[in-house]
Amino acid sequence: MSVSVMVVDDHPLWRDGVARDLAERGFEVVATAGDAASAVRIARAVRPDVVLMDLNLGETTGVEATTMITGALAGTRVLVLSASGEHSDVLEAVKAGASGYLVKSASAEELVEAVTRTAAGDAVFTAGLAGLVLGEYRRMAANPDEQDKPQLTERETEVLRLVAKGLTARQIATRLVISHRTVENHVQSTLRKLQLHNRVELARYAIEHGLDVEPEG
């Protein structure tokens with residue numbers, strides 16, 4: 001049986017090139033998408049075996065899209081294909097439900113093998129990253145209480161710190177050089193993760209956890 005694949009990337013040339021390479025090697029490319037919202041909607045409709053997911057998708061990240069897809073589609077696996085090899089990006093993707101993580105510098109042969117193995121149920125990582133993920137899971141196993149703590153991204157923590165200082169969404173957007181809508185998305189995501197209801201509770205949480213104080217260094 002051929003493996004059905006969906007390619008998600010915000011760069012059309014890269015997205016089409018990867019889709020073409022996979023199709024030429026016998027994979028059934030059932031769909032492509034250029035942003036997270038489309039990726040989630042289309043994935044639910046076509047139910048691919050593997051979603052090849054970029055992380056940098058604009059307003060909503062590939063991590064968030066991964067969470068939604070893996071939560072909705074038990075039979076679909078997500079393999080991240082990203083330009084970033086940052087440890088924080090890898091761990092966020094895995095915690096969101098990704099089955100593997102490949103950097104874009106991988107060869108076509110490595111990509112074909114990774115997609116095939118991901119469809120078969122293997123966890124596939126670019127060399128050097130598997131040990132990182134294993135080490136993180138060992139650390140979490142040794143500290144089970146930490147697993148219950150909400151995991152905020154660096155940007156969410158940054159926005160939360162500025163909320164605690166009393167800045168408005170527009171002031172935060174100016175300070176971080178991002179859009180007002182992006183700030184609102186981060187605020188809503190943080191509210192959900194912390195199970196809070198409004199900005200007042202959010203500011204109180206930040207102050208109680210010392211996030212209203214600038215970190216040293």
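**View 1. Strand β1 pairs with strand β3.** Four bridges link β1 to β3 (residues 50-53), and the two strands run parallel. Strands pair if DSSP finds at least two bridges between them. Met6 has Val51 as its bridge partner in β3. The model is predicted: local features need pLDDT of at least 70, side-chain atom pairs pLDDT 80 or more, while totals for chains, interfaces and linings use all residues. Residues are numbered from 1 along each chain as its sequence is written, and side-chain values use heavy atoms, without hydrogens and water.

**View 2. Strand β1 also pairs with strand β2.** Five bridges join β1 to β2 (residues 28-33), again in parallel. Ser4 has Glu28 as its bridge partner in β2. With helix α1 (residues 12-24), β1 and β2 make a right-handed β-α-β unit. Helices (H or I, at least four residues) and strands (E, at least two) are DSSP runs, numbered from the N terminus.

**View 3. The side chains of β1 are buried.** In a regular strand, side chains alternate between the two faces of the sheet. Ser4, Met6 and Val8 point one way from β1, and Val5 and Val7 the other way.

**View 4. Helices α8 and α9 pack together.** The axes of α8 (residues 169-176) and α9 (residues 180-194) lie 8 Å apart, at an angle of about 110 degrees. The two helices are therefore roughly perpendicular (65 to 115 degrees). Ala169, Arg170, Ile172 and Ala173 in α8 meet His180, Val183 and Glu184 in α9, with contact meaning heavy atoms within 4.5 Å.

Technical notes. Buried < 20%, exposed > 50% of the residue type's maximum accessible area, 1.4 Å probe, protein only. Right-handed = clockwise from strand over helix to strand, strands pointing away. Axes fitted to C-alpha atoms, helices over the stretch in contact; angles between N-to-C directions. Parallel < 35°, antiparallel > 145°, perpendicular 65-115°, else oblique.
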